Amino acid sequence: MNKILLLVMLSVGSLFAQVKGDVEVPYIAYQIKMGKGFDAVQANCLMCHSFGYIINQGPQSRLFWKKKVDKMITHFKAPIPKEDAKIVTDYLFEHYGNGELK
Amino acid sequence: MKRREFLKTSIVASAAVLGSSTTLSAGETHQPIDSRKVSDMAFPEKRPLITYSDRPPLLESPRSTFARGITENDEFFVRWHLPDIPTHIDPDKYTIKINGLVEKELEISLKELKEDFEQVEVTAVLQCGGNSRSAFTPIAGGIQWGSGAMGCAKWKGVRLRDLLHKAGLKKDAHWIGFNGKDNAAYYETPNFVRELEMEELDDHVIVAYEMNGEDLPYLNGYPLRLVIPGYYSDSWVKMLSNITVTNKYKSLFFMDVAYRVPDNKTESETPEHKFKPTKPITTMNVKSVIGYPENGMKVYHNSHVVVRGVAFDDGTGIKDVYISTDGGKSWDKAELKQENGRYAYTEFRYAFKPTKYGKVTFMAKAVNRLGKEQPFAKDIGWNHGGYKYNGIDEVTVEVV
């Protein structure tokens, strides 16, 4: 308790990485629902994040999904055309919605 | 919908489709989802974990990891914000820059970091502010973590203060920004930069290159990350490459919009009336999680069960952990093991001999040295980001 930081005398060896070569993050084929507007989702969302990031948000309201899409445009600067933003929101609410408008 | 049905409808592993469609006007809180299984695919330097996303990687540690005071590197949770993470780092060439309001700008190699500064260690809990977010209904925005977006490791590195001292802070230095090497898909996307006020930084804040005696795993920020004991992990910047000293706060998305809770006494609000203003989540509240046994396990009648788990807070220190087997009516003290300092997990264990057949529920409640204790899940107020859940943990087993 009284000694939170322990001082360590360290002998430094040569630096080496503990992995051999480049690391590779595996690709996971998330089971995302097909339907109207999916092409727009694929074109606009997948550039930055996996489908896992979408479907693991849980079922949400239309307003929630609209705000998420807005956030991607406003804060994350995703170049999503206005008409696509509406299509993506509709798709998300239809397939990953909770039935509530807000 | 009852809790049990709710659990049944939530699908395991990567494609979790959460089941509840009940939208309560008040917002309500319950036990986080605990039914998810580890995936069958391992990420680099990891064993298979609960997997929410591959890009950016989001991995949760299973409940079993909370039966031990130190979380193994290959079981430690992973949470990145931006998709583009360097997949190759040359340790001989990697440097960290210190600039801004300093007398002398520095660019320090890993070798210099390990040779020219005092080497220090601190064992500390790393927990995502959204850990246990699946406890909130209506579902709070963000990844629906169970309780496994946390771990405890022994970090080794150098004091941030020593680095700043070497660079020499100018008189009006007030804020320090930290940036890592992860990048967004678009240049215009803001970097995941954190800013801390000078007075938030004490000698316990370190720039760490080692975790439990090994290099940091890539997915935990190899080769360098910030370690801020007692604080939620949103400020523990990974693949730390730049420290910039400024005199005024720069507006940043990840500081101003994300990782904030209502700035009121209970840090809560209702879904209809979101509370303004908000404040950053900063330090951790008192929490404990049971690591063994796990929900749904069977134990023998008249056998000797040892309930194990971990407890922690912001570094104030855990005083006691209590166990209840009668729904919270009576509480018994658990044995504690505290050998890694006040920022580390306190391990607790509790001997229990089941004398009645059927279901028994263990509850664990931690109390810290200031007398702050965990509330029941149902007594925690809802917040829109699903942050800072610290409800009394429950595990139900069957005595056979």
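Rings of Phe, Tyr and Trp, the last taken by its six-membered ring, count as a pair if their centres lie within 6.5 Å. In this predicted model, 16 aromatic pairs are found over all chains.

**View 1. Trp155(B) and Trp236(B) form an edge-to-face pair.** The ring centres of Trp155(B) and Trp236(B) are 5.6 Å apart, with 70° between the planes. The pair links distant parts of the chain, since Trp155(B) belongs to strand 9 (residues 150-159) of chain B, while Trp236(B) lies in the loop between strand 14 (225-227) and strand 15 (240-246) of chain B, 81 residues apart. Both Trp155(B) and Trp236(B) are buried.

**View 2. Tyr259(B) and Tyr387(B) form a tilted pair.** The planes of these two rings stand at 40° and their centres are 5.6 Å apart, so the pair of Tyr259(B) and Tyr387(B) is tilted. Because Tyr259(B) lies in the loop between helix 4 (253-256) and strand 16 (260-262) of chain B, and Tyr387(B) in the loop between strand 25 (358-368) and strand 26 (393-399) of chain B, the pair ties together parts that are 128 residues apart in sequence. Tyr259(B) is buried, at a relative accessible area of 6%, and Tyr387(B), with 10% relative accessibility, also counts as buried.

**View 3. Ring pairs build a cluster in chain B.** The residues linked in this way are Tyr52(B), Phe76(B), Phe77(B), Trp145(B), Trp155(B) and Trp236(B).

**View 4. Lysines lie over aromatic rings in chain A and in chain B.** Lys33(A) is placed over the face of Tyr96(A), 5.0 Å from the ring centre. In chain B, the charged end of Lys238(B) sits over the ring of Trp80(B), at 4.7 Å from its centre.

How values were computed: Residues numbered from 1 in each chain as written. Chains lettered and ligands numbered in written order. Predicted model: local features only at pLDDT ≥ 70, side-chain atom pairs only at ≥ 80, totals over all residues. Heavy atoms only, no water. Phe/Tyr/Trp six-rings, centres within 6.5 Å; stacked < 30°, edge-to-face > 60°. Helix = DSSP H or I, 4+ residues; strand = E, 2+ residues; numbered from the N terminus. Buried < 20%, exposed > 50% of the residue type's maximum accessible area, 1.4 Å probe, protein only. Lys NZ or Arg CZ within 6 Å of the ring centre and 35° of its normal.
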